[in-house]
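I opened this model to look up a few places in it. My notes follow in the order I made them.

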Amino acid sequence: MFQLTSEKVPPHQQVLFMIHGAMVSQAVLAVVQLRLADLVRDGKKSAAQLAEATQTDELNLYRLLRTLVSLRIFSEPEPGYFASTELSACLQSDSPESLYHLTLMLEERWKTVGSLSYSLRTGKPAFEHLYGKDMWRYLTEDDPEAGALFNRAMTSMSGSLNQPLVDAYDFSSIGTLVDVGGGEGSFLVTALEHNPALKGVLFDQPSVIEQARERIAQAGVADRCELIAGDFLQALPPGGDAYFLRHILLDWDDAACETILRNCVQAMKPDGKILVAESVLGSGQADLLGKLIDLVIMVTIPGREREEEEFRKLFASAGLSIRRILPTRSPYKIIEAVIA
Ligand SMILES: C[S@@+](CC[C@H](N)C(=O)[O-])C[C@H]1O[C@@H](n2cnc3c(N)ncnc32)[C@H](O)[C@@H]1O
């Protein structure tokens, strides 16, 4: 079985696994590009059948498939035949919480991830150096298709986080919840469905709000959900009881986060609160996934994953104090903050 690090594996081999980790990403990308997870969904297929369906070289595809069996992405119920597993289900193109779109982003991200040394040297995101502008502007101005892929990836990836967040926090006492940078409304729809008295405001950039309109209508919550386009670095819709930020602060440096938090404070009712849902990094060996994601953030945008103390300082800089940090059944925690 694939093990990146374990005390049972000799040190030399552990490091060899790490060195070859790049091939793991590429193998997972190939599953998505060739839609292999879709092709084995209804039953086992031979390497020859899969090679014909994907127009690939049979021997080389077999070599990829056997690697994916070691990674437990596929099983090999009989020699030369490959079948789905619960891991490949995450890579099917149309499962609700699919990682398909996020994986597809690797096609583009590869170049940026390969420039970690630039970010280490300069303290700046390699993306801006490679593409000539920051990622948000690039996605809206230069490559709206990549922008749409990013939004789809966020929606499906964060889909698995909705229920754990709604279960971990009592949203029923809130009148109006403003989802700041709420994307296509994936979380807000779940929160509204679970809390019939709750009203929602979905706030995001104009192009994203346009994409969200249909989803909100289809979910049947349009009568309780206002859609507002704008820039959270400028101002936020006033009068909310709570301002919810999931997967937002990690995208920005401390100065921008302070601006966003101050804009929340400006907009919210005096007894309002701010709810932040993202990772709170632990020390030592804890949270490897969060720390790897932090490195991806480092090369793409000027944001970062933060530890509890860093969040406390950040909130204090915006005149807020953290009241509670609630665990959820996901890698995310909910930080509840009020005016200090
Ligand atoms: C990483 S996504 C998170 C989306 C959503 N909160 C979720 O958890 O699925 C960040 C969101 O912030 C939005 N965003 C980025 N810059 C913004 C700005 N200046 N004003 C408003 N929204 C912005 C993006 O369009 C995107 O939807």
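I count a residue as buried when its relative accessible area is under 20%. The model is a predicted one.

**Entry 1: helix H13**

With that cut-off I went through helix H13, residues 186-194. I list Ser-186, Phe-187, Leu-188, Val-189, Thr-190, Ala-191 and Leu-192 as buried in H13. Because 7 of the 9 residues are buried, H13 is largely enclosed by the rest of the structure. I then asked what covers the buried residues of H13. The cover includes two helices, H12 and H14 (206-218). It also includes the strands E4 (176-180), E5 (199-204), E6 (225-229) and E7 (242-246).

**Entry 2: nonpolar cores**

I looked up the largest nonpolar core, which has 71 residues. The members that touch the most others are Phe-171, Leu-177, Leu-245, Leu-249, Ile-274, Leu-275 and Phe-315. Helix H12, residues 144-168, gives this core its largest share, 8 residues.

**Entry 3: the ligand**

Which residues are closest to the ligand? I find 16 residues around the ligand, and the closest are Gly-181, Asp-204, Asp-231, Phe-232 and Arg-246. A nitrogen atom of the ligand is 2.8 Å from a polar backbone atom of Gly-181. An oxygen atom of the ligand is 2.9 Å from a side-chain N or O atom of Gln-205. For Ser-158, an N or O atom in the side chain is 3.1 Å from an oxygen atom of the ligand. The ligand taken alone exposes 590 Å², and the protein buries 95% of that.

Is Val-31 buried or exposed? I count Val-31 as buried because its relative accessibility is 0%. Val-31 is in helix H2, residues 21-33. Apart from neighbours within four places in sequence, Val-31 is in contact with Leu-36, Ala-37, Leu-68, Ile-73, Phe-74 and Leu-91. I also checked Val-31 against Ile-216, which is 185 residues away along the chain; their C-alpha atoms are separated by 31 Å.

Leu-130 is in helix H10, residues 126-131. I class Leu-130 as partly exposed because its relative accessible area is 32%. With neighbours within four places in sequence left aside, Leu-130 is in contact with Lys-111, Thr-112 and Ser-115. Leu-130 and Gly-240 are 110 residues apart in sequence, and I noted 39 Å from C-alpha to C-alpha.

**Entry 4: strands**

I looked up the pairing of strand E11 (residues 320-327) with strand E12 (residues 333-339). The two run antiparallel and are joined by 7 bridges. A hairpin of 5 residues connects E11 to E12. Arg-324 has Glu-336 in E12 as its bridge partner.

I then turned to an open sheet of 3 strands, paired antiparallel in the order E1-E3-E2. E1 (45-46) and E2 (74-78) are the edge strands, each pairing on one side only. E1 pairs with strand E3 (residues 81-84) over 2 bridges, in the antiparallel sense. The bridge partner I noted for Ser-46 is Tyr-81 in E3.

Notes. Residues are numbered from 1 along each chain as its sequence is written. This is a predicted model: local features need pLDDT of at least 70, side-chain atom pairs count only at pLDDT 80 or more; totals for chains, interfaces and linings use all residues. Side-chain values use heavy atoms; hydrogens and water are left out. A nonpolar core is a set of buried Ala, Val, Leu, Ile, Met, Phe, Trp, Tyr and Cys residues joined through side-chain atoms within 4.5 Å. Buried means under 20% relative accessible area, exposed over 50%, partly exposed in between (1.4 Å probe, protein chains only). Helices (H or I, at least four residues) and strands (E, at least two) are DSSP runs, numbered from the N terminus. Contact means heavy atoms within 4.5 Å. A residue is near a molecule or strand if one of its heavy atoms lies within 4 Å of it. A polar contact is a pair of N or O atoms within 3.5 Å; within protein, one must be able to donate a hydrogen and the other to accept it, and residues adjacent in sequence count only if both atoms are side-chain atoms. Accessible areas come from the Shrake-Rupley method with a 1.4 Å probe; for residues, only the protein chains shown count as cover. Two strands pair if DSSP finds at least two bridges between them.
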